[in-house]
Amino acid sequence: ACRAAIEWAETQPTAEDIVKNCPEKWRLWALYHPEFLKQCPPGLLNHSISWGEWWKEVNGSDWTQLLREQPQFATLCTEHRGWEKFNGWDWSRLLRKRPQFAPQCSSHGGWNKFDGEDWEGLLSVQPQFAKKRSDAEKL
């Protein structure tokens, strides 16, 4: 799929055409693919993506993968209510690499979605969240 997506992207005259015409099956790939993003004018993706209803299909796991690689898309996650789709595993994976998203986890009830395995994975890499675990377990 990656080779086919790259070949397709190379047929598009501009990065804007890639964003506008991107087939659904390659949209997430286009967003987190570094070589594609380097070719885009600054701000293009944050302001020009109008994929409408497609965003409703992006699940918590997809958002996690995208934000781990491209945290600048957090505004799109907020805009399209992506945070609400995260489960404990999604939050744990995201926060391991991107602890700056802890406020979103708090504001969307994410800490209460963690199970023991989610906590173990997170705390092994980001031990500063141990207090969050004890607070969540009190509820």
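I take buried to mean under 20% relative accessible area, exposed over 50%, and partly exposed in between (1.4 Å probe, protein chains only). The model is predicted, so I kept to its limits: local features need pLDDT of at least 70, side-chain atom pairs count only at pLDDT 80 or more, and totals for chains, interfaces and linings use all residues. Numbering runs from 1 along each chain as its sequence is written, and side-chain values use heavy atoms, with hydrogens and water left out.

**Entry 1: aromatic rings**

I looked up Phe 86. Phe 86 has a relative accessible area of 2%, so I call it buried. Trp 91 is at 0% and therefore also counts as buried. I count rings of Phe, Tyr and Trp (its six-membered ring) as a pair if their centres lie within 6.5 Å; planes under 30 degrees apart are stacked, over 60 edge-to-face, and the rest tilted. The structure holds 8 such pairs. In one of them, Phe 86 and Trp 91 have ring centres 4.5 Å apart and planes at 45 degrees, so this pair is tilted. Phe 114 and Trp 119 make a tilted pair too, with 4.4 Å between centres and 40 degrees between planes. Both of these residues are buried. I also noted a cluster: ring pairs link Trp 83, Phe 86, Trp 91 and Phe 101.

**Entry 2: H10 and H11**

Helices here are DSSP runs (H or I, at least four residues), numbered from the N terminus. Axes are lines fitted to C-alpha atoms over the stretch in contact, and angles run from 0 to 180 degrees between N-to-C directions. H10 (residues 116–125) packs on H11 (residues 130–138) at about 160 degrees, axes 10 Å apart. The two are therefore roughly antiparallel (over 145 degrees; under 35 is roughly parallel, 65 to 115 roughly perpendicular, the rest oblique). From H10, Gly 116, Trp 119 and Leu 123 make the contact; from H11, Ala 130, Lys 132, Arg 133 and Ala 136 do. Contact means heavy atoms within 4.5 Å.

**Entry 3: the loop between them**

Which residue did I check in the loop between H10 and H11? I checked Gln 126. Its relative accessibility is 12%, so Gln 126 counts as buried. Beyond neighbours within four places in sequence, Gln 126 touches Leu 95, Arg 96 and Pro 99.

**Entry 4: H6 and H8**

The axes of H6 (residues 60–69) and H8 (residues 88–97) come within 9 Å and cross at roughly 0 degrees. That makes H6 roughly parallel to H8. Among the contact residues are Thr 64 and Arg 68 of H6, and Asp 90 and Arg 96 of H8.
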